[in-house]
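Subject: Structure handover

Hi,

Here is the structure I promised to send over. My notes on it follow below.

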Amino acid sequence: ETVLSNASGQAAILVRAKPVTGRTHQVRLHCAHAGLPLIGDVRYGGPMHWDGVPVRAHLLHADRLQFQHPMLPDNNTVSF
């Protein structure tokens, strides 16, 4: 976990999550339930502004996508 803060003292935590089914609402809901809603995720209680700037969508992003490809021999894994 990495704690970040902006000029006005708002804190944010960088979280690494590995959802099994790939459904983003799982990550969003679990973070909100733990009291850590995503920035811009108004549906689950996240702030609409960060450092005075409006955030138009939740800030949930993937650094990697990986899956077993059914058309490759032995269901080899494909990563992006």
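D41 is buried, at 2% relative accessibility. Buried means under 20% relative accessible area, exposed means over 50%, and partly exposed lies in between (1.4 Å probe, protein chains only). D41 forms a salt bridge with R28, and their closest N and O atoms are 2.8 Å apart. A salt bridge here is a side-chain nitrogen of Lys or Arg within 4 Å of a carboxyl oxygen of Asp or Glu. R28 sits in helix α1 (residues 24-33) and D41 in the loop between α1 and β3, so the pair ties together parts 13 residues apart in sequence. R28 also counts as buried, with 11% relative accessibility. The search of the whole structure finds 1 salt bridge.

Before you read on, two notes on the source. This is a predicted model, in which local features need pLDDT of at least 70 and side-chain atom pairs count only at pLDDT 80 or more, while totals for chains, interfaces and linings use all residues. Residues are numbered from 1 along each chain as its sequence is written, and side-chain values use heavy atoms, with hydrogens and water left out.

Now the overall fold. The protein chain has 1 helix and 6 strands. Along the sequence they follow the pattern β-β-α-β-β-β-β. Helices (H or I, at least four residues) and strands (E, at least two) are DSSP runs, numbered from the N terminus. Of the 80 residues in the protein chain, 15% count as buried. Take the contacts (heavy atoms within 4.5 Å) between residues at least 6 apart in sequence: 19% of them join residues at least 24 apart.

Next, the surface. The protein chain exposes about 6600 Å², and carbon and sulfur atoms supply 55% of that. Accessible areas come from the Shrake-Rupley method with a 1.4 Å probe; for residues, only the protein chains shown count as cover. I13, V15 and L36 make a nonpolar surface patch of about 240 Å². Patches use residues with over 30% relative accessible area and no salt bridge; like charges are joined within 9 Å, and nonpolar side chains (Val, Leu, Ile, Met, Phe, Trp, Tyr) within 5 Å. I13 belongs to strand β2 (residues 11-14). I13 is partly exposed, at 36% relative accessible area.

One backbone detail to check on screen. D51 has a phi near 55°, a positive value in a residue other than glycine. D51 lies in the loop between β3 (49-50) and β4 (53-54). At 38% relative accessibility, D51 is partly exposed.

Best wishes
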